[in-house]
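Dear colleague,

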Amino acid sequence: MFMDNYINNLLFTYLPHIAMTLFWFGVITRIVKTSKSLQAESSQFLSKKGQRWGGNLFHYGIILVFIGHFMGLFTPEHFYHLFMTTATKKILAVIMGSVFGTAAVVGITILLVRRLKDQRIRINSSIADILLIALLLFEMGLGLISVAISAGSSVENYAALGEWAQKVITFQPDAGVVIAGHSLIYKLHIVTGLFIFMIFPYTKLMHMFVMPLAYFFRSGYQLVRRGFTKRPA
Ligand code: HEM
């Protein structure tokens with residue numbers, strides 16, 4: 001029993017802080033030190049098949065899943081109670097989570113099959129590329145099972161997830177206790193999620209930080225590569 005409490009506390013009170021510290025440390029040092037190597041390499045020029053459907057379903061799905069995680073976990077109860085009850089919020093989370101989560105899983109499955117089956121892409125993929133997709137797929141599978149568990153359990157069980165996340169970000173020492181009795185699937189999903197945050201800076205997930213926003217504000221200059229222009233003698 002003591003050991004159970006100890007491990008639970010370690011994983012759900014302390015690990016989130018360790019993981020987020022490593023995440024920000026890694027993100028900042030990589031941007032400052034190696035910003036030229038952050039872009040994820042495109043494979044679209046190798047094969048277009050599956051890239052459009054897989055890429056779009058995955059990216060739109062996962063972006064909406066993340067917005068859902070953020071709003072679902074961090075909106076304080078007294079704030080959302082101005083608009084809806086916890087029961088309504090749970091129904092919304094289950095419906096939106098299932099739809100966008102399924103879109104993301106279908107999308108990434110198409111991308112994984114494409115990467116493994118297409119010879120040209122396979123040869124140009126590193127082990128890290130394939131492992132990362134497999135890890136994300138595993139994590140999203142756990143997420144979808146978590147939603148199914150939420151759908152079939154009490155409103156209190158669902159509400160505790162937000163309570164836990166809010167206790168973590170406000171440094172409450174009893175955060176982990178709130179979800180101590182929750183299903184192993186939620187816990188595996190959270191620990192795997194934290195692991196993904198920890199390795200994030202050293203993977204191609206870093207491409208999220210290199211949106212080419214500058215292009216929208218350029219003043220209409222044409223890019224000319226210096227190396228190819230002939231200088232007058
Ligand atoms: C430590 C960070 C994370 C936490 C605390 C967390 C928490 C949760 C929880 C509590 C649910 C169930 C929501 C419900 O019952 O309504 C869920 C679902 C889900 N999670 Fe996570 N998650 C984390 C990271 C991730 C990551 C990194 C991914 C993707 C790579 C992911 C993908 C999903 C998906 C696809 C679902 C199902 C759809 C949804 O509810 O949005 N999660 N997550």
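Over residues 125-149 the chain is 92% helix and 0% strand, with the end C-alpha atoms 36 Å apart. Helices (H or I, at least four residues) and strands (E, at least two) are DSSP runs, numbered from the N terminus. Residues 91-113 are 100% helix and 0% strand, and their end C-alpha atoms lie 33 Å apart. Both segments come from the UniProt feature "transmembrane region" (unreviewed entry), which is placed at residues 12-32, 53-71, 91-113, 125-149 and 194-217. UniProt positions are given in the numbering used here, feature names are shortened, and annotations may be inferred rather than shown by experiment.

Please note that this is a predicted model, in which local features need pLDDT of at least 70 and side-chain atom pairs count only at pLDDT 80 or more, while totals for chains, interfaces and linings use all residues. Residues are numbered from 1 along each chain as its sequence is written, and side-chain values use heavy atoms, with hydrogens and water left out.

**The ligand shell**

There are 22 residues around the ligand, and H69, G97, V147, S150 and H189 come nearest; a residue belongs to this shell if one of its heavy atoms lies within 4 Å of the ligand. By class, the shell has 14 nonpolar, seven polar and one charged residues. Here Ala, Val, Leu, Ile, Met, Phe, Trp, Tyr, Cys and Pro count as nonpolar, Asp, Glu, Lys and Arg as charged, and the others, Gly among them, as polar.

An oxygen atom of the ligand is 2.5 Å from an N or O atom in the side chain of S150. For H69 the corresponding distance, from a nitrogen atom of the ligand, is 2.7 Å, and for H189 a nitrogen atom of the ligand is likewise at 2.7 Å. The elements giving two or more residues to the shell are helix 2 (51-74), helix 4 (86-117), helix 6 (127-152), helix 7 (155-169) and helix 9 (184-199). Helix 6 gives the most, with eight residues.

H69 is in helix 2 and H189 in helix 9. H69 is partly exposed, with a relative accessible area of 34%, whereas H189 is buried, at 17% (buried is under 20%, exposed over 50%, partly exposed in between; 1.4 Å probe, protein chains only). Leaving aside residues up to four places away in sequence, H69 touches F74 and H189, where contact means heavy atoms within 4.5 Å.

The UniProt annotation "binding site" (unreviewed entry) covers H59, H69, H189 and H207. These are spread over 149 residues of sequence and also in space, up to 23.1 Å between C-alpha atoms.

Yours sincerely

Definitions and conventions: A polar contact is a pair of N or O atoms within 3.5 Å; within protein, one must be able to donate a hydrogen and the other to accept it, and residues adjacent in sequence count only if both atoms are side-chain atoms.
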